[in-house]
Amino acid sequence: MEAGEEPLLLAELKPGRPHQFDWKSSCETWSVAFSPDGSWFAWSQGHCIVKLIPWPLEEQFIPKGFEAKSRSSKNETKGRGNPKEKTLDCGQIVWGLAFSPWPSPPSRKLWAPHHPQVPDVSCLVLATGLNDGQIKIWEVQTGLLLLNLSGHQDVVRDLSFTPSGSLILVSASRDKTLRIWDLNKHGKQIQVLSGHLQWVYCCSISPDCSMLCSAAREKSVFLWSMRSYTLIRKLEGHQSSVVSCDFSPDSALLVTASYDTNMIMWDPYTGERLRSLHHTQVDPAMDDSDVHISSLRSVCFSPEGLYLATVADDRLLRIWALELKTPIAFAPMTNGLCCTFFPHGRVIATGTRDGHVQFWTAPRVLSSLKHLRRKALRSFLTTYQVLALPIPKKMKEFLTYRTF
C-alpha cells in the first residue's frame, strides 16, 4: 500500500473446528509473532493451541503479485529441511508468545542435553506464556518441548527476548511481577522485578538491550535497567490502564497505549512526553450500542521506525505516520486484540477474539537518508549524548525526535 491507502486484507487464517475442550479453554488470539528473521509465524489460535507456520504463507493464501518473502532463499529453506507447519498443544490457554533471536549459537547449551546427537547449528525457540503461570519453551524446527519454566503464580500475559541473542527472557504476569530467565542456564530464574500494584499486561525490551518497559493495570509505566534490573523511572501521563508498549527500532522512542484511548510517545532516556495521539471515532454512523469506546489493545512500531499500527475496540486497525498527529489509514476489523509488523515490512498481522489471524498490507517505505542517518546514530547514542554533541540546535532536535 502507498501512504494514505487503506490496508488491504491479504489473507485470513481461521482455526479448524475445535475438539471438545473444557469451558476454560478460550478461543481468543491474544498473541501473534514473527520470528526475527521472518521465516516463521506463530499464532495462538485459542483452545490451548499454537500454530507454527513457515513464512511466506503458501501461495493459496496470498494474492498474486504480492511477495512477502523473508530473506531466506529457496536454497536456504531446502537446507533447513523444508519447514512444515507445527501444532503445539500447550495444555493451557496461551496468552503470550515470543521468538528468540536467530541465529543464536549459544542456544546449543539449551537443547544439547536433550538431544545428544545435535548437529552444530543454532536453534530457534518459541516461548509460550500460559494461563497457569507456566512458560513452555519449544524448539521451532522440530516442535519439541525443551523447557518448562515455573515461578509465576498467575497468568503469564507477555514475553520478550533480549534482541542481542543472549537468550535472556522477560515474562510479565498477572501476579504483578516480571521475571528474568536465562535459557542458556537451563531456564534459571535470575531476577524478580516487583513494584507494580496490578496485573502486568506487557513488557518490551529496547533493541539496544539497555531498557525494559513494563505496563500494568495502572496509569504509570515502569522503565527498568536491563543491566542492573533496577527501576530507572516511572512515566506518568495516562488516565487509565496502560495495555501495550513498544520501543522504536533505534531505541530512541517508546510508545505506550492505554484504555484512555490515547497513545503517548516518550523519550525513554529523559522521561519526556514528546507527543500524545488520540483515537477518535472515524465514522459517526459507527457510534452505536455495539461499539465500545476506542479503548486501545495493541501498538507496535514498523521495522524502519516511521510508522505505528494500533488495534482498538472500535473495530479498526489504524496506521500512523510518526510525524503526523492523525492516522494516515484505517481498515475495518472485528474484535482485534493484537498486532505486529513483519520484520522486513509490508505486512501487518492482527489477532482477534474469535481465534482468527489476519494479514494486511502495510505502507511501502523508502526511508530518507536523513532518517537512516538518525536511526544509525540513535542506535548507539543516548539522548544526553546527542545533546552534548557540538552540532546545530536544529540537528539536535531532529536527532532527538523533537521536531514533531
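These are my notebook entries on a predicted model of a single protein.

**Overall make-up**

I began with the secondary structure and counted five helices and 28 strands in the protein. I then looked up burial: 57% of the 404 residues count as buried. For the contacts, I took those between residues at least 6 apart in sequence, and 53% of these join residues at least 24 apart.

Residues 126-148 are 61% strand and 0% helix, and the end C-alpha atoms of the span lie 12 Å apart. For residues 149-184 I noted 50% strand and 0% helix, with 13 Å between the end C-alpha atoms.

I next turned to strand E14, residues 200-205. Six of its six residues are buried, so the strand is largely enclosed by the rest of the structure. Its partner is strand E15, residues 211-216; the two run antiparallel and are joined by five bridges. In this pairing, Val200 stands opposite Ala216 of E15. E14 and E15 form a hairpin with five residues between them. Within the turn, I recorded a positive phi of about 65° for Cys209.

**Backbone exceptions**

Most peptide bonds are trans, and most residues other than glycine have a negative phi.

Which residues does a cis peptide bond join? I found Trp55 and Pro56, with omega at about 5°. Pro56 lies in the loop between strand E4 (49-54) and helix H1 (74-79).

Cys48 has a positive phi, near 70°. This residue lies in the loop between strand E3 (40-46) and E4. Is Cys48 buried or exposed? Its relative accessibility is 7%, which is under the 20% cut-off, so Cys48 counts as buried.

His186 also has a positive phi, near 60°. I located His186 in the loop between strand E12 (178-182) and strand E13 (188-193). Its relative accessible area of 47% falls between the limits of 20% and 50%, so His186 is recorded as partly exposed.

**Largest nonpolar core**

I then examined the largest nonpolar core, which has 17 residues. Which of these touch the most other members? They are Ala309, Leu317, Ile319 and Ile348. The elements that give two or more residues to this core are strands E23 (307-312), E24 (316-321), E25 (329-332) and E26 (336-341).

I listed the contacts of Leu317, leaving out residues up to four places away in sequence. Leu317 touches Ala309, Thr310 and Val311, then Ala329, Phe330, Ala331 and Met333, and also Thr350 and Trp360.

**Aromatic pairs**

My count of aromatic pairs came to ten. One of them is Phe34 with Phe41, a tilted pair at 4.9 Å centre to centre, with 55° between the planes. Phe34 is buried at a relative accessible area of 10%, and Phe41 is buried at 0%.

Trp55 and Phe342 form a tilted pair as well, with 5.6 Å between centres and 35° between planes. This pair links distant parts of the chain, as the partners are 287 residues apart. Trp55 sits in the loop between E4 and H1, whereas Phe342 sits in the loop between E26 and strand E27 (347-352). Both partners count as buried: Trp55 has 6% relative accessibility, and Phe342 has 1%. I note again that Trp55 is also joined to Pro56 by the cis peptide bond.

Which residues do the ring pairs link into a cluster? I traced Phe34, Phe41, Trp55, Phe342 and Phe359.

**Charges over rings**

My last entry concerns charged groups placed over aromatic rings. The charged end of Arg217 sits over the ring of Trp199, 4.7 Å from the ring centre. I also recorded Lys370 over the face of Phe398, at 4.7 Å from the centre of that ring.

Notes: Residues numbered from 1 in each chain as written. Predicted model: local features only at pLDDT ≥ 70, side-chain atom pairs only at ≥ 80, totals over all residues. Heavy atoms only, no water. Helix = DSSP H or I, 4+ residues; strand = E, 2+ residues; numbered from the N terminus. Buried < 20%, exposed > 50% of the residue type's maximum accessible area, 1.4 Å probe, protein only. Pairing = 2+ DSSP bridges. Core = buried A, V, L, I, M, F, W, Y, C linked by side-chain atoms within 4.5 Å. Contact = heavy atoms within 4.5 Å. Phe/Tyr/Trp six-rings, centres within 6.5 Å; stacked < 30°, edge-to-face > 60°. Lys NZ or Arg CZ within 6 Å of the ring centre and 35° of its normal.
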